[in-house]
Amino acid sequence: MKPLNILIEGIPDTVKTTTAAIYRSRLITTVEDLCKSANIKEIKISIGTPSLMQATASSDPHKGESVENDNISVEKRSTQYKAQSPLYNFDFLILPRSVKEDLLTCIDLIKVEAKVFNEWNLKSIEPFPKTALNFYGEPGTGKTLAAHAIASYLGKNIIVASYAQIESKYHGEGPKNVEALFLAAERNNAVLFIDEADSLLSKRLTNVTQGSEQAINSMRSQLLISIGQFKGTVIFATNLIENYDKAFDTRVYNIHFPLPDTEARAQLWTAHLPKELPLSEDVLIQTLAEVDNICGRDIKNAIVNTAVKCALNNVDPITLKDLLNGIARIKQSRTTGFVETLEATEEGELINKLKSHIDSGQAQVNELPNPSSIG
């Protein structure tokens, strides 16, 4: 029997995409078993409360019916994925030196790939040249920005996609969308960036029905095939690399994006503090840079939130304590046990501790190197 195309809508955004895919597949498998057992060729499925179904039917009588989507070619599917100009260039990228050097090495490899692997036939011993990159690390560490920066450095556009855009509401359509996505990138000579890759490249599911395994794992299988056949640069990003299937590791060059070190934090603070922002004389970049366990996104949010709070309370200029409190609030929002505000004694102890490691002659903002000149 031909697989059914069942449209299921209304699953809340709070439900993980992988979980939603599992239960969609379970429903489809159950309905297919019913049709096979009862010798039914066509069936209409409606899911929802009576009032909701009545309202849906009145607004769109075709909602809930089987949708024929199998005849859409891969070429036509590929048109849904649009290439865009990179949002950031490489000079905007602020990372620890080791990470930036890794990225530059990858770019150099991409530049000589055709010569080394095709003309010199190294493809005979390395069938998967590492033009497939995988960025992993905590949120806010620059993975997405780096993907745009690489595309800009290579002089190419970028296609950005996520698991939610690839995984189809139609049963069995996910693998076709994966194939179409790679086709779109190759046709446009664009860098392909796939975010939330852990959802797409997770380990094989267990303790679920055979139909559910097939629905989710088939996309992964197609992705591995597409990587091997792709003539271009594809970049994956994840916060959860531990969820990856081991078969993926041999097909990519992994780059870890750690939280910024002291040097990178100093550059990030400098880049995110506009000269027009009224700052007190006690605001020293190197003092702020000693506050660890924060990422670039934390620094940006702390500055914006602090500036808004000070403006609302007519505080001018912004002091070191204001910015430290801003960072404290950011940390408290993602960790437990971190105080929301710094009492006078705590503030003094923290600042004295930080200043003991800092040469005051190197702490002025205008003495720091331009972020774009480092790395």
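How many bridges join S1 to S4, and in which sense do the two strands run? Five bridges join them, and S1 and S4 run parallel, where strands count as paired if DSSP finds at least two bridges between them. This is a predicted model, in which local features need pLDDT of at least 70 and side-chain atom pairs count only at pLDDT 80 or more, while totals for chains, interfaces and linings use all residues. Residues are numbered from 1 along each chain as its sequence is written, and side-chain values use heavy atoms, with hydrogens and water left out.

The secondary structure of the chain comes to 14 helices and five strands, both being DSSP runs numbered from the N terminus (helices are H or I with at least four residues, strands E with at least two). Of the 375 residues in the chain, 42% are buried, a term that means under 20% relative accessible area, whereas exposed means over 50% and partly exposed lies in between (1.4 Å probe, protein chains only). Among the contacts with a separation of 6 or more, 77% are between residues 24 or more positions apart, a contact being heavy atoms within 4.5 Å.

Strand S4 is mostly covered, with five of its five residues buried. Val 234, Phe 236 and Thr 238 point one way from the strand, and Ile 235 and Ala 237 point the other way. In a regular strand the side chains alternate between the two faces of the sheet. Opposite Phe 236 stands Asn 134, while on the pairing with S3 (residues 191-195), which is parallel and spans three bridges, Leu 192 is the bridge partner of Val 234.

A search of the whole structure finds five aromatic pairs, where rings of Phe, Tyr and Trp (its six-membered ring) pair if their centres lie within 6.5 Å, and planes under 30 degrees apart count as stacked, over 60 as edge-to-face and the rest as tilted. One of them is the tilted pair of Phe 135 and Phe 257, at 4.8 Å centre to centre and 45° between the planes. Because Phe 135 lies in strand S1 (residues 132-137) and Phe 257 in strand S5 (residues 253-257), this pair ties together parts that are 122 residues apart in sequence. Phe 135 and Phe 257 are both buried. Another pair, Phe 236 with Phe 248, is edge-to-face, with 5.0 Å between the centres and 90° between the planes; Phe 236 belongs to S4 (residues 234-238) and Phe 248 to the loop between S4 and S5, twelve residues apart. Phe 236 counts as buried because its relative accessibility is 0%, and Phe 248 counts as buried because its value is 1%.

Turning to the helices, H13 (residues 320-334) has 15 residues and reaches 22 Å from its first C-alpha to its last, close to the 21 Å expected at 1.5 Å a residue, the expected span being 1.5 Å times one less than the number of residues. Its buried residues include Leu 320, Leu 323, Leu 324, Ile 327 and Lys 331. In helix H7 (residues 174-187) lies Glu 179, which is partly exposed because its relative accessible area is 37%. Glu 179 touches Val 74, Gln 222 and Ser 226, not counting residues up to four places away in sequence, and its C-alpha atom is separated by 7.5 Å from that of Leu 223, 44 residues apart along the chain.
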